[in-house]
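Work through the exercises below with the sequence and the structure at hand. Each task is followed by a solution in steps.

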Amino acid sequence: MFDNLSSKLEKAFKTLKGQGKITEINVAETVKEIRKALIDADVNYKIAKQVTDTIKDNAIGANVLTTVSPGKLMVKIVNDELVALFGGKTEEISTEGNPTIILMAGLQGSGKTTHTAKLANFIKRKGKSVMMAACDVYRPAAIEQLKVLGAQIDVPVYFEEGNLNPVSIAANAVKHAKENNARVIIIDTAGRLAIDEQMMNEIGDIKKTIKPHEILFVVDAMTGQDAVNTAKAFNDVLDFTGVILTKLDGDTRGGAALSIKTVVEKPIKFVGMGEKMEALDVFHPDRMAQRILGMGDIVTLVERAQDVFDKEESDRIQKKLLKDQFTFQDFLSQIQQIKKMGNLKDLMGMIPGVGKAIKDLDVSDDAFKHIEAIIYSMTPKERETPDIINGSRRKRIASGCGRDIQEVNQLLKQFDEMRKMMKTMNKFQGAGRSMKGLPFMR
Amino acid sequence: MGIFSFFSKEKKEKLDQGLEKTKTSLFEKISKALVGKSSVDDDFLDKLEEILVTSDVGIETTLKIIDRLQKRVAKDKYTGTSELQNLLRQEIALLLDENKSEIPVDFSDLQGKKPYVIMVVGVNGVGKTTTIGKLANQFKKAGKKVVLGAGDTFRAAAVQQLKIWGERNEVHVVEHGMNTDPASVAFDAVKYAVDNGADVCIIDTAGRLHNKINLMTELSKIKRVMSKVLDGTPHEILLVLDASTGQNAFEQAKQFTAATEVNALALTKLDGTAKGGVVIGVADQFKIPVKYIGVGEGIDDLQLFNKHEFVDSLFKS
Ligand SMILES: Nc1nc2c(ncn2[C@@H]2O[C@H](COP(=O)(O)OP(=O)(O)OP(=O)(O)O)[C@@H](O)[C@H]2O)c(=O)[nH]1
Ligand SMILES: Nc1nc2c(ncn2[C@@H]2O[C@H](COP(=O)(O)OP(=O)(O)OP(=O)(O)O)[C@@H](O)[C@H]2O)c(=O)[nH]1
Ligand SMILES: [Mg+2]
Ligand SMILES: [Mg+2]
C-alpha cells in the first residue's frame with residue numbers, strides 16, 4: 001500500500017496540473033489516500049480522520065511549488081502537521097522532589113520492567129544516585145527480572161519477598177530511598193488491563209500513596225487501534241505525565257504514538273530501541289512523523305528541493321523560458337542543480353511520466369553523465385542556439401564525447417520536445433504567474 | 001461503491017464522544033441503519049468499515065470483506081437484517097476457515113505423534129511463556145505427560161519464569177540456565193521427552209523482533225536441531241500474536257513464517273479491549289489457522305479458537 005501511495009497521490013493530483021493552488025476539489029482524493037496510509041500505520045480511525053481534516057484545511061490555498069509535484073508537496077504538508085502535533089521540543093523528565101519519584105504503568109508485556117532499568121541506567125549515567133522498586137507481585141519471576149537487570153546496571157533494587165501488597169511495597173520503597181539518599185526512585189508495577197477495575201484501583205492507590213513526580217505510561221509501538229482506549233483509561237486514572245514508546249527498533253510504523261498523543265495530549269518522553277540497557281532514546285517528533293507517514297524520502301526530497309534551488313538562477317531560467325530562449329547551457333545548469341540534490345532515481349521520479357517508467361529500473365547516479373558529456377562537446381554557440389546543430393556538427397559532437405551519433409540525435413530531439421512542452425505550459429499558466437523552479441520537473 | 005466513502009462524508013463528531021464505548025452491538029446499529037431500505041447502502045458500509053477498521057482488521061481485509069458481502073447480497077438477495085448479519089458472519093468466518101494443516105485440534109488427540117513437539121515463537125512480550133504455562137495445564141488435564149524446554153536464555157529471569165510455570169503444572173522443565181545456547185536446550189528437551197516417554201514437549205524461545213536477521217537465523221537453527229533428535233519435529237510451530245497489535249502483525253507472520261514455517265497462531269490478551277482483528281487478514285493471507293486464544297493471566301485462561309465466537313466478538317463492545 002505504501003509503495004504506491006506516492007503514485008496514487010500523483011494520480012490524485014493530475015487534475016491539478018496548470019493550477020497553481022491546492023483547492024477543495026483536487027485535494028479530496030489525496031486526503032483520502034493519506035488517511036488510508038495513516039490507518040494502515042495504525043493511527044486510530046477517528047484520529048486519522050480528524051488529522052486529515054485539519055490538513056485539508058491547511059493545504060487548501062497553499063501555493064504549489066513548481067519544483068516538486070503537488071502530491072509530494074502534500075506529503076510534506078502532512079508531515080509538517082504530524083510534527084506539529086507531536087510538539088516541537090523534546091520533554092525532559094522531572095527532577096522535582098527528593099527523591100524524584102517515577103511511577104511506571106502500562107499493559108502487560110509493554111516493556112515496563114525493561115524500561116524501569118533502562119531509565120535507571122540513563123539517570124545513573126547522568127551522575128545521580130538512583131534506585132528501583134519491584135512492585136509487580138503477580139507475574140512469575142517479575143521481581144527476579146528486575147533484580148537481574150539491577151545487577152547488570154549496578155543499581156539497587158528494593159523488593160519485599162512475600163509482601164503481596166504493591167501499595168505498601170511502593171510506600172516502603174520511597175521511604176527506603178529517602179533514608180539512603182537516593183536522588184531518584186523508579187517504581188516498576190505489574191502489567192494491567194485498562195478495564196481491570198481492581199488493578200486500576202490498585203495503581204490509583206499507589207499514586208495517591210507515594211505521590212510520584214513523574215508517571216510514565218509505557219506502551220508498545222506495535223499497538224493498533226486500541227491504543228486510544230488504553231491511553232485514555234490509564235490517563236483517567238493516573239493523569240500520567242509522559243509516555244515511553246517501546247520496541248521502536250522493530251519495523252512498525254507506530255501510528256499508535258499519534259493516537260495517544262492526540263487523545264491524552266501528553267508528551268512522548270522516551271523511545272525504547274532494543275532489549276539492551278542502553279537502548280533508550282529521547283523522542284524525535286520529526287523522525288516519528290516520517291515513520292508513520294512512511295514517506296521520509298519524499299519529505300527530505302521536498303525539503304532539499306526547497307533549499308537547493310537557487311532562486312536567482314531559477315528566475316533567470318524562468319525569464320528565458322518565457323521568451324522561449326531556453327538553451328543547452330541552461331539545461332546543463334539545471335542538471336547540476338539536480339545533482340546537488342542527491343539520489344537521482346528519486347529526483348527523476350518527480351518528473352511526470354518518468355516516475356512510472358523508471359520504477360523498476362536501476363538508475364545509477366551518473367545517468368546524466370552522457371548527457372553532460374554531449375553538451376560539453378558542443379561549442380558555446382551550439383549550446384546557445386541549438387538550431388544550428390546540423391548533421392556534420394552532430395558527427396563532430398558525437399566523436400568529441402565518444403558517444404553514438406544516435407544518442408546525440410536523441411538528446412537533440414528530446415530537448416526540442418522539452419522546449420515545446422514548456423512553451424505550451426507557459427501559455428497555459430499565463431505569463432503573470434511566477435514559476436519558481438524547474439518547469440520541466442513538474 | 002461505498003468503499004471508504006466515509007472519507008468524504010465526514011460528520012464532525014467530537015473525538016471524545018466518538019471514542020466512547022457504546023453498549024450497542026454493530027448489528028443493532030446496522031439494524032437501525034437498514035430500517036426501510038432494500039439494499040446495502042453507503043451508510044451501512046460506512047458503519048461496517050468503521051467497526052472493522054477499529055478492530056484492527058486493516059484496510060485491505062476490510063475492503064475484501066465488504067466486497068465479498070456486496071457480491072453475496074447481489075447474488076443471494078437478502079431479505080432482512082438478520083439475513084445480512086448471517087452473510088457477514090459467514091464471509092468473515094470464511095477468511096478464517098483455512099485450517100488445512102494437519103495439526104491436531106484438541107488436547108487429547110495428538111494424532112499418534114509422541115512426543116508431540118511444539119515450538120513457540122513471537123515478538124517480545126506477546127505472551128509466549130505464559131501461553132506455554134497454560135498449554136501445559138491443558139495437556140495435563142487431557143492426561144498427557146508434558147515436558148517444557150527453557151529456550152529463552154536471553155531475557156532477564158526468563159528461565160526462572162518458565163520454571164515457575166513448570167512448578168505450577170508439576171511438569172519437568174529442561175534448562176541450561178541463562179546465556180546458554182538455546183538450540184542445545186531445544187535439542188536436550190526433545191531428547192528428554194523421547195527418552196522419558198513424554199507425550200508433549202513445548203519449547204519456549206526468547207522474544208525477538210522479526211526484523212533482526214541474526215535473531216531470526218538463530219530461530220531457524222533452534223527449529224532445525226530438533227529434527228536431529230526426532231524426525232518431523234517440531235510438529236507445531238506456534239506464533240503468538242498479541243491482540244492489541246495492529247497491522248505490524250502481518251510483517252511478524254511473514255518473517256516468522258519465513259524463518260520457521262509457522263503452522264499455528266495463538267492470539268493472546270483477548271480479555272482486554274483490543275479485538276485482535278488483524279488475525280483475520282493474517283490467517284487469510286498466510287493460510288495459518290488460529291488455534292488458541294489467551295483470555296487472562298491465569299493458568300486456565302486459554303481456549304481453543306472458535307471462529308464464530310471470535311467474529312461475533314468483533315461486533316460487540
Ligand atoms: N526489541 C525490544 N524489546 C523490548 C523493548 N523493551 C522491552 N522489550 C522486551 O519486551 C519484553 C517485555 O518486556 P518487559 O519489560 O518484561 O515488559 P513488562 O511491561 O514489564 O511486562 P509485564 O510486567 O509482564 O507486564 C521483553 O522480552 C523485553 O526484553 C524494546 O524497546 N525493544
Ligand atoms: N491479560 C492477559 N495477559 C496476558 C495474557 N497472556 C500473557 N499475558 C501477560 O503478558 C505479559 C507477558 O507475558 P510473557 O508470557 O512473559 O510473554 P513472552 O512473549 O514470553 O515475553 P518475552 O519472553 O519477554 O518475549 C505477562 O504479564 C503475562 O502475564 C493474556 O491472555 N491476557
Ligand atoms: Mg514487568
Ligand atoms: Mg517469554
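**Exercise 1. Describe the fold of chain B in numbers.**

Solution. The model is predicted. Start with burial: of the 317 residues in chain B, 50% are buried, where buried means that 20 or more other C-beta atoms lie within 10 Å of the residue's own. Next, list the secondary structure: chain B holds 12 helices and 8 strands. Last, take the contacts in chain B between residues at least 6 apart in sequence; 75% of these join residues at least 24 apart.

**Exercise 2. Divide chain B into domains and describe the side of domain 1 that touches domain 2.**

Solution. Step one is the division: domain 1 of chain B covers 5-95 and domain 2 covers 116-314. Step two is the count at their contact, to which domain 1 of chain B brings 12 residues and domain 2 of chain B brings 14 residues. Step three is to find the elements on the domain 1 side. Helix 3 (42-54), helix 4 (59-76) and helix 5 (81-95) of chain B each give two or more residues to it, and helix 5 of chain B gives the most, with 4 residues. Step four sorts this side by class: 6 residues are nonpolar, 3 polar and 3 charged.

**Exercise 3. Describe the contact between chains A and B from the side of chain B.**

Solution. Count first: 38 residues come from chain B and 43 residues from chain A. On the chain B side, two or more residues each come from helix 1 (15-19), helix 3, helix 7 (158-169) and helix 10 (248-260) of chain B. The most, 4 residues, come from helix 7 of chain B. By class, the chain B side has 14 nonpolar, 17 polar and 7 charged residues.

**Exercise 4. Which chains surround ligand 1, and what is its shell made of?**

Solution. There are 26 residues around ligand 1, and Thr114(A), Gly191(A), Gly272(A), Asn124(B) and Gly125(B) come nearest. Residues from chains A and B surround the ligand, so the site is shared between chains. Helix 5 (residues 112-125) of chain A gives the most to the shell, with 3 residues. The shell around ligand 1 comprises 5 nonpolar, 14 polar and 7 charged residues.

**Exercise 5. State the confidence of chain A and point out stretches where the pLDDT is below 50.**

Solution. Chain A has a mean pLDDT of 82, and 74% of its residues reach 70 or more. One stretch with pLDDT below 50 is residues 350-358 of chain A, which has 17 contacts in the model beyond near neighbours in sequence. Another is residues 428-442 of chain A, with 32 such contacts.

Terms used: Residues numbered from 1 in each chain as written. Chains lettered and ligands numbered in written order. Predicted model: local features only at pLDDT ≥ 70, side-chain atom pairs only at ≥ 80, totals over all residues. Near = placed C-beta within 6 Å. Nonpolar A, V, L, I, M, F, W, Y, C, P; charged D, E, K, R; others polar. Domains from an automatic or database assignment. Contact = placed C-beta atoms within 7 Å. Buried ≥ 20, exposed ≤ 12 C-beta atoms within 10 Å, placed from the backbone. pLDDT = per-residue confidence, 0-100.
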